[in-house]
Amino acid sequence: MRFIIAVITLVCAQYSWSMTPFHQHVYSTAQAVSAFYMYELSEGDDKYLEQFKEHQLTASRALNNSTSLEQKLFLEEWQNFQPYWKFNFVKGVGLNLDSVVRNDVRRYLTDVYLYAEKLPAHQSVVAGKLQSINLITAMLSARLIDVVAAQSGSRIFTEHDLQVNEVKLAATVQRHIDELLKLDLPKVQVAKIRKVNTKFSFVKKSLINYDDITPYFLVHRNVMTIGDLLKGTSQAIAGS
């Protein structure tokens with residue numbers, strides 16, 4: 001009986017620190033966008049295609065588990081471009097994506113992120129900040145890699161896309177990190193947040209300067225590491 005109670009307590013604690021289904025949808029969609037264009041930029045490295053498929057599936061499941069209102073707002077739009085969200089190989093050109101699909105994906109990610117920003121924050125202050133850092137860094141990475149893949153600089157962004165202000169978002173991430181480091185968290189978790197701070201500081205300039213030469217492989221790798229560190233931090237705090 002004690003074992004069962006302990007398991008239930010652990011599961012509930014982990015759930016309380018997890019994202020809502022819709023936040024998970026936004027996060028996984030951003031990750032899918034990053035992996036999709038990394039596949040293009042790497043000229044067909046299959047590991048990115050596998051990552052894309054995994055994130056795409058997670059995003060679909062999360063949206064199907066979201067509220068009826070969220071499904072009403074976004075499910076049809078999400079489903080409409082799914083069959084076309086793939087590259088075609090053109091002889092003499094290589095991987096090719098219809099520009100209409102590219103624009104649809106970009107607009108959709110902007111739509112769901114802007115909606116998610118208005119949703120209530122996590123009841124736990126710490127969990128809320130960790131979730132915000134995760135979502136924002138994934139979003140910034142996706143937009144940057146989209147820009148690099150499109151090869152047109154920041155001109156690809158419409159007025160609607162520009163509602164997502166990368167400079168303000170980066171400042172929000174830094175503020176959350178600084179605030180977390182001031183809290184009385186376990187030393188192990190403070191060490192992980194310090195690592196997040198180091199990695200974010202390394203990629204921050206690239207994430208907000210779309211028209212500069214960007215080491216996008218390094219940016220993508222560091223943002224993925226930030227996600228892993230934050231996930232470990234959340235789970236460790238939940239279980240403490």
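Okay, one thing before we start: the model is predicted.

α2 and α5 pack with their axes 10 Å apart, at an angle of about 150°. That angle is over 145, so the two count as roughly antiparallel. The crossing of this pair is left-handed. On the α2 side the contact uses Phe22, His23, His25, Val26, Thr29, Ala30, Val33, Tyr37 and Glu40. From α5 come Arg102, Val105, Tyr108, Leu109, Val112, Tyr113, Tyr115 and Ala116. Sort those contact residues by type and you get twelve nonpolar, three polar and two charged.

Now turn to α6. Here the axes of α2 and α6 are 8 Å apart, and the angle is about 30°. So α2 runs roughly parallel to α6. This crossing is left-handed too. The α2 residues in the contact include Tyr27, Ser34, Met38 and Leu41, and α6 brings, among others, Gln131, Asn134, Leu135, Ala138 and Ile145. By type, this contact has 14 nonpolar residues, five polar and two charged.

So which helices line the largest cavity? α2 (21-41), α5 (99-117) and α6 (125-150) each put at least two residues into the lining. α5 gives the most, with five. The structure has one cavity of 30 Å³ or more, and the volume of the largest cavity is about 80 Å³. If you want to click through the lining on screen, look for Val33, Tyr37, Arg102, Val105, Arg106, Leu109, Thr110, Met139, Ala142, Arg143, Asp146 and Phe157.

Val33 and Tyr37 are in the lining, and both belong to the α2 side of the contact with α5 and of the contact with α6.

Last stop, α3 and α4. Helix α3 covers residues 46-64 and helix α4 covers 68-81; their axes come within 10 Å and cross at roughly 145°. Again, α3 passes α4 in a left-handed crossing. Gln56, Ala59, Ser60, Leu63 and Asn64 from α3 meet Glu70, Gln71, Phe74, Leu75 and Trp78 from α4. That contact divides into five nonpolar residues, four polar and one charged.

That's my tour, thanks.

Technical notes
Residues are numbered from 1 along each chain as its sequence is written. This is a predicted model: local features need pLDDT of at least 70, side-chain atom pairs count only at pLDDT 80 or more; totals for chains, interfaces and linings use all residues. Side-chain values use heavy atoms; hydrogens and water are left out. On a 1 Å grid over the protein atoms alone, a cavity is a set of points where a 1.4 Å probe fits but cannot get out, and a pocket is an open set with protein on both sides within 12 Å along at least five of seven lines; lining residues have an atom within 4 Å of a point. Grid points are joined across faces, edges and corners, and a volume is the space filled by probe spheres set on the points. Helices (H or I, at least four residues) and strands (E, at least two) are DSSP runs, numbered from the N terminus. Axes are lines fitted to C-alpha atoms, for helices over the stretch in contact, and angles run from 0 to 180 degrees between N-to-C directions. A crossing is left-handed if the near helix is turned anticlockwise from the far one by less than a right angle, and right-handed if clockwise. Contact means heavy atoms within 4.5 Å. Ala, Val, Leu, Ile, Met, Phe, Trp, Tyr, Cys and Pro count as nonpolar, Asp, Glu, Lys and Arg as charged, and the others, Gly among them, as polar. Angles under 35 degrees count as roughly parallel, over 145 as roughly antiparallel, 65 to 115 as roughly perpendicular and the rest as oblique.
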